[in-house]
Amino acid sequence: MALRGSLRAGRALLRAPGPPARGLCAHSRPPAFGFLFDVDGVLVRGSQALPAARRAFQRLSDGSGRLRVPLVFLTNAGNCLRSAKARELSQALGLQVSPEQVILSHSPLQLFSRFHQRCMLVAGQGPVEENAHTLGFKHVVTIEALRKAYPLLDMVDLSRRPKELPPPTTGFPTIEGVILFGEPVRWETSLQLITDVLLSNGNPGAELQDVPYPHLPILACNMDLLWMAEAKMPRFGHGTFLLCLENIYKKVTGRELKYEALIGKPSPVTYRYAQFLIQQQAEKQGWKAPIRRLYAVGDNPMSDVYGANLYNSYLKSAQQNQVQAGVKRSPQAASPQTEVFLELRNDCNNSVESCESILVCTGVYRHSGDVPKKTEPHTVEAVFHGHRDFCFDPSLVEASYIVQDVDDAVQLAFKKENWS
């Protein structure tokens, strides 16, 4: 279904009268569905809540503020703690959000126990060290600590160059892997030092010998090329930083940068983790009906829609006893990520049958007027903004439905579910 057709279908479903409820009132039935809400561009723009978000959550909660449907907030943000994001959402939406309902881009890293005992270099901004420890990583080195230990490595900013030759560094641990939490503040510093660590096999103070390959393991979170804040145009995201790092490494070494894992949307691991939390939430509330359908609401076709559709493909294939669907078969498909995916598959019950994508027009994706301008099918999202290691299938960026905002998205799902 093309984007224009999706918008019309979404509006038609919103206008159509729902079928009469059978048996219990719609609100009395335990929900057989759950929501995955993106945050930026769907619920908020920068620090400001969108008006439609409050209306949507008034529908989703009862008179006492208790949610009537299981849901998670699935964001590629990662420069904060889950508890801080939960407090931020609680204030913005006017209801109590628990940290267990928040999935940041890095949240599934707690499942990558293989790396928890290694000395890991962490890059990004915000409480990266605290985030790493919270996720289970025991030995962490920040970019700033590495820069202080080896001050001669960071040479772009003339004001930060040492005025005198520093003494040799001793006792600094060998780095055994890299975690990329999100876009850093000083890109040139992080790009230089991460490259130094990869070229030196974790000993950036040593002279360059033969370049090791495969290089040290890299765990990367958040592949969004762009994201929507208060500005009129999208801003660079962590995917842009990854693009820079990949191209620098290839230009310097002649080889491809490889990832042990790419998590955050649109990774199927992240959606499987979201399903796991949705089902846990339903069980905790005492809702006996199995969760059959997920509705993923987002504003970014290349992240939210692609990820939901990719996971929907997995769900359909899983019903035919296939483990994965749609992920690029290449040397980049790393075994630790596959192991975690299989572990989550075993932990989740297999009740979920579909994950439908609902695209809203309040963020990265925008349209003018009541209907998008006429767009030929082959030109829709012709430029692939997704990550290098995910194959481009045009059908995966076509939303199941397009609606104006998140309130319309909730109404649409309620209509489909015959939910009051």
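Leaving aside the neighbours within four places in sequence, A289 is in contact with P30 and P31, where contact means that heavy atoms lie within 4.5 Å. A289 is found in the loop between α8 (268-284) and β13 (293-298), and although 259 residues separate A289 from P30 along the chain, their C-alpha atoms are 5.8 Å apart. The names of such elements follow from DSSP runs numbered from the N terminus, with helices (H or I) of at least four residues and strands (E) of at least two.

This is a predicted model, in which local features need a pLDDT of at least 70 and side-chain atom pairs count only at pLDDT 80 or more, while totals for chains, interfaces and linings use all residues. Residues are numbered from 1 along each chain as its sequence is written, and side-chain values use heavy atoms, with hydrogens and water left out.

**The whole protein**

The secondary structure of the protein comes to 11 helices and 15 strands. Of the contacts between residues at least 6 apart in sequence, 78% join residues that are at least 24 apart. The protein has 420 residues, and 53% of them are buried; a residue is called buried under 20% relative accessible area, exposed over 50%, and partly exposed in between (1.4 Å probe, protein chains only).

The structure holds 0 disulfides, a disulfide being a pair of cysteine sulfur atoms within 2.5 Å. C119 counts as buried because its relative accessibility is 9%, and C361 is buried as well, with a value of 4%.

**Aromatic rings**

A pair of aromatic rings is described by the distance of the centres and the angle of the planes. Here, rings of Phe, Tyr and Trp (its six-membered ring) pair if their centres lie within 6.5 Å, and planes under 30 degrees apart count as stacked, over 60 as edge-to-face and the rest as tilted. A search of the whole structure finds 18 aromatic pairs. One of them is formed by F33 and F35, which are edge-to-face with 5.8 Å from centre to centre and 80° between the planes, and both of these residues are buried.

Why is the pair of F33 and F414 edge-to-face? The ring centres of F33 and F414 are 6.2 Å apart and their planes stand at 75°, so the pair is edge-to-face. Because F33 lies in strand β1 (residues 33-37) and F414 in helix α11 (residues 406-416), this pair ties together parts that are 381 residues apart in sequence. F33 has a relative accessible area of 1% and is therefore buried, and F414, at 6%, is buried too. Ring pairs link F33, F35, F37, F57, F73, Y295, F414 and W419 into a cluster.

**Salt bridges**

A salt bridge is a side-chain nitrogen of Lys or Arg within 4 Å of a carboxyl oxygen of Asp or Glu, and by this rule the count comes to 16 salt bridges.

| Salt bridge | N to O distance |
|---|---|
| D157 and R186 | 3.0 Å |
| E256 and K250 | 2.9 Å |
| K265 and D304 | 2.7 Å |

D157 is partly exposed, with a relative accessible area of 21%, and R186 is partly exposed with 33%. E256 counts as partly exposed at 32% relative accessibility, and K250 is partly exposed with a relative accessible area of 40%.

**A nonpolar surface patch**

L152, M155 and L165 make a nonpolar surface patch of about 310 Å². Patches are made of residues with over 30% relative accessible area and no salt bridge, where like charges are joined within 9 Å and nonpolar side chains (Val, Leu, Ile, Met, Phe, Trp, Tyr) within 5 Å. L165 has its place in the loop between α5 (143-149) and β8 (177-180), and L165 is exposed, with a relative accessible area of 73%.

Conventions:
Accessible areas come from the Shrake-Rupley method with a 1.4 Å probe; for residues, only the protein chains shown count as cover.
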